There are 2 protein chains.
Amino acid sequence: MSSVGPVIFERHLFGPGPSNPYPEATDALSRPLLGHLDPEFLRIMDETCELLRQAWGTTNARTLPISATGSAGMEAAFVNTVHEGDVVVVGVNGLFGQRMCDVAARCGAEVVAVEHEWGTPVDVQRMLDAHPHPTMYAAVHAETSTGVRSDIAALGAAKGDALLVTDAVTSLAGIELRADDWGIDVGYAGTQKCLGVAPGLAPFTINDRAFARRVEKPRSWYLDLGLLGGYVGEASSRGATGGGRTYHHTAPVAMVVSLHAGLTRIVEEGLENVWARHEAVGKQLQDGLQSMGLELFAQEGSRLPELTTVKVPDGVDSAAVRGRLLERHGIEIGAGVGQYAATVWRIGLMGHNARPDAALLVLAALEEAIKA
Amino acid sequence: MSSVGPVIFERHLFGPGPSNPYPEATDALSRPLLGHLDPEFLRIMDETCELLRQAWGTTNARTLPISATGSAGMEAAFVNTVHEGDVVVVGVNGLFGQRMCDVAARCGAEVVAVEHEWGTPVDVQRMLDAHPHPTMYAAVHAETSTGVRSDIAALGAAKGDALLVTDAVTSLAGIELRADDWGIDVGYAGTQKCLGVAPGLAPFTINDRAFARRVEKPRSWYLDLGLLGGYVGEASSRGATGGGRTYHHTAPVAMVVSLHAGLTRIVEEGLENVWARHEAVGKQLQDGLQSMGLELFAQEGSRLPELTTVKVPDGVDSAAVRGRLLERHGIEIGAGVGQYAATVWRIGLMGHNARPDAALLVLAALEEAIKA
């Protein structure tokens, strides 16, 4: 086996994620490994947290890459902040809103799910009307299952004393996101979408207000933010860190170094330039799809540029088209989710893939594949 | 910044982990990324689970790499199997036994901690005498904090109707481990020790007996084994997978591909040959340390070959010696843990580092560094 080596598959990852990483992020993965307490690694971890603050638009001290995938970020958000019986109002306009309900309920929340038609954004007034005094509001900024953007700023402005938890898995470093200005108290994301890094970490941020209301000893040891503060060397951490680190768990060193490289790439380009690039390429794709006579799924005015949902034309076999794209050109696009599994495609142009040539390629290949 | 590129640090990772990965594992990290539902990735995931079965010595269908570090494997073990009020007898002979107590208690267990002097193995008779009818026994096979091996086979033979949870973070693919023969019901490990892969995944196995007694809806959604069965395409999984996969979370693709490469390397060498290599190199190191007049910390007869603990000589500054090793030769060794932080060193020769030249190097460098 090793004498011939593995066959290398190259893919254009134009689905809902993972996307192809920035080359800098891939290169970083293969650097010689550092120890998790090595001074050089601690420097990289500190810089990573600082770069994440820039990406989130926050000054939160407690901003860090959690050592698991984006879904664990969701779990960290709720397990640290939901006390038994807390009322959590969740905006549900897709799969990840549904998941929030499940995760929050397991943490002991009384969940008030505000159901929306898939393809539409979260309605802030309906969220406010759902309960007179919730402990928390939770909503997804960019619904990966439907390609819809919701107005988190409006929800943050109206939240009152409640906390606001935001899923930014598919929005961080792709579209405008300003955690502090918008009143986001707790946010989590993934690395494999617009950040342009392989999946495996959950960028996370929590402000002082939410941290002060946290569960002192959450059910999860691994995701306990009280312990994780020491892990990233947070100044205000409890415990005898002596200004240093408290050993919690072994950091996923290679992934953190890769995230650092991806974030560095983004900050060098300029975060607002990166947003503009996603915006322009998304418009190019969506205009092109409509020019081909295809109908977009997400409601106009709420369409994400980085993740486009499009209706499968009548009489076209969704899976067959996806199979042809993969086989002929190594192009991956996504199926729809739930009841839309066979009737919607999801096309992501995120991070390194948010480029005009990528949009051109997927448009041409899709047109070809639909013809069979 | 990017115009000059990052400074690359090369380290000999001779501490308690991470260790330097096998070259095959590092190369695999930088392959073009695959989608988490790509047929080629699903094939690699299936093979990885099968290779893990070989490493664990098990036929358990539910054997998989959990998408987080080894400590999350510990949490997965308890959160899925501990019902409120269950009696869990934990062998505590180091930091990771202590951690088991914390994690199990958060899951609702009534923990019976059987404390041992650090440096000694878990005493099976004391475990049996600790409670007349526990739900579960839990012990660490290879205590990373002390360098001690405990006799899991003896505990498994005596466990009666109770379940046996075993921490194999520092033993899997390093020393003899036979999950099925020894009566291990639930086991977890890490990738960054003897497996010779970067940190970031928790190889996990659970048998039918333990799975049948599991918590139907555990507090953790991310680590819910009922849901994770569909994720790895387990045949007996619940849910409408139609023989395929149920989307749970995005697999950390690059890390799984790297683990696959590391495991392939190990199986090609032969698992028992790999154990023998760790055994021989550990003896070389321990003999050499004693020849230098140093005293080993772990009790004779229970010393791990892959992780050696040695007492810091009187009058020698532990941290200064470690600093000199790092600065002069890029060699990392570990400090002790807890009350032994300044009086014990931990030297790991694991995975790719379980080589005679690595032992020779660390012995020569340590002798030099102690002289100042």
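## Two chains and the spaces between them

In chain A, helix 3 provides the largest share of the lining of the largest cavity, three residues. This is a predicted model, in which local features need pLDDT of at least 70 and side-chain atom pairs count only at pLDDT 80 or more, while totals for chains, interfaces and linings use all residues. Residues are numbered from 1 along each chain as its sequence is written, chains are lettered from A and ligands numbered from 1 in the order in which they are written, and side-chain values use heavy atoms, with hydrogens and water left out. Helices (DSSP runs of H or I, at least four residues) and strands (runs of E, at least two) are numbered from the N terminus.

**Cavities and pockets**

- Across the whole structure, a search finds ten cavities of 30 Å³ or more. A cavity is a set of points, on a 1 Å grid over the protein atoms alone, where a 1.4 Å probe fits but cannot get out; a pocket is an open set with protein on both sides within 12 Å along at least five of seven lines; lining residues have an atom within 4 Å of a point.
- The largest cavity holds about 140 Å³ of space, a volume being the space filled by probe spheres set on grid points joined across faces, edges and corners.
- Its lining has 15 residues, and those closest to the centre are A:Gly70, A:Ser71, A:Phe96, A:Val169 and B:Tyr247.
- Helix 3 (70-81) and helix 4 (95-106) of chain A each give that lining at least two residues.
- The largest pocket holds about 970 Å³. Its lining counts 42 residues, with A:His36, A:Leu37, A:Tyr247, B:Ala335 and B:Arg346 nearest its centre.
- Which element gives the largest share of the lining of the largest pocket? That is helix 12 of chain B, with four residues.
- Among the elements that each supply at least two residues to the pocket lining are helix 2 (39-56) of chain A and strand 12 (331-332) of chain B.

**How the chains are related**

- B:Ala68 sits in the loop between strand 2 (62-66) and helix 3 (70-81) of chain B, and it is buried at 0% relative accessible area (buried is under 20%, exposed over 50%, partly exposed in between, with a 1.4 Å probe and protein chains only).
- Leaving aside residues up to four places away in sequence, B:Ala68 touches A:Ser67, A:Ala68, A:Tyr222, B:Gly200, B:Leu201 and B:Ala202 (contact means heavy atoms within 4.5 Å).
- B:Thr26, in helix 1 (residues 23-29) of chain B, counts as buried at 17% relative accessibility. Among its contacts is A:Ser30.

**Annotated residues**

- UniProt (unreviewed entry) lists A:Lys193 as "modified residue: N6-(pyridoxal phosphate)lysine"; its positions follow the numbering used here, feature names are shortened, and annotations may be inferred rather than shown by experiment.
- Is A:Lys193 buried or exposed? At 5% relative accessibility, A:Lys193 counts as buried; this residue lies in the loop between strand 9 (186-188) and strand 10 (202-206) of chain A.
- Residues that A:Lys193 touches include A:Gly17, A:Thr144, A:Val169 and A:Met350.
- The side chain of A:Lys193 reaches the backbone oxygen of A:Pro16 at 2.6 Å, a polar contact (N or O atoms within 3.5 Å; within protein, one must be able to donate a hydrogen and the other to accept it, and residues adjacent in sequence count only if both atoms are side-chain atoms).
- A:Arg346 counts as buried at 11% relative accessibility, and a polar atom of its side chain lies 2.8 Å from the backbone oxygen of A:Thr144.

**A:Asn20 and its neighbours**

- A:Asn20 is found in the loop between strand 1 (12-13) and helix 1 (23-29) of chain A, buried with a relative accessible area of 14%.
- Its side chain reaches the backbone oxygen of A:Arg11 at 2.9 Å, and a polar atom of the A:Asn20 side chain lies 2.8 Å from the backbone nitrogen of A:Leu13.
- A:Asn20 and A:Val197 are 177 residues apart in sequence, yet 7.6 Å apart in space from C-alpha to C-alpha.
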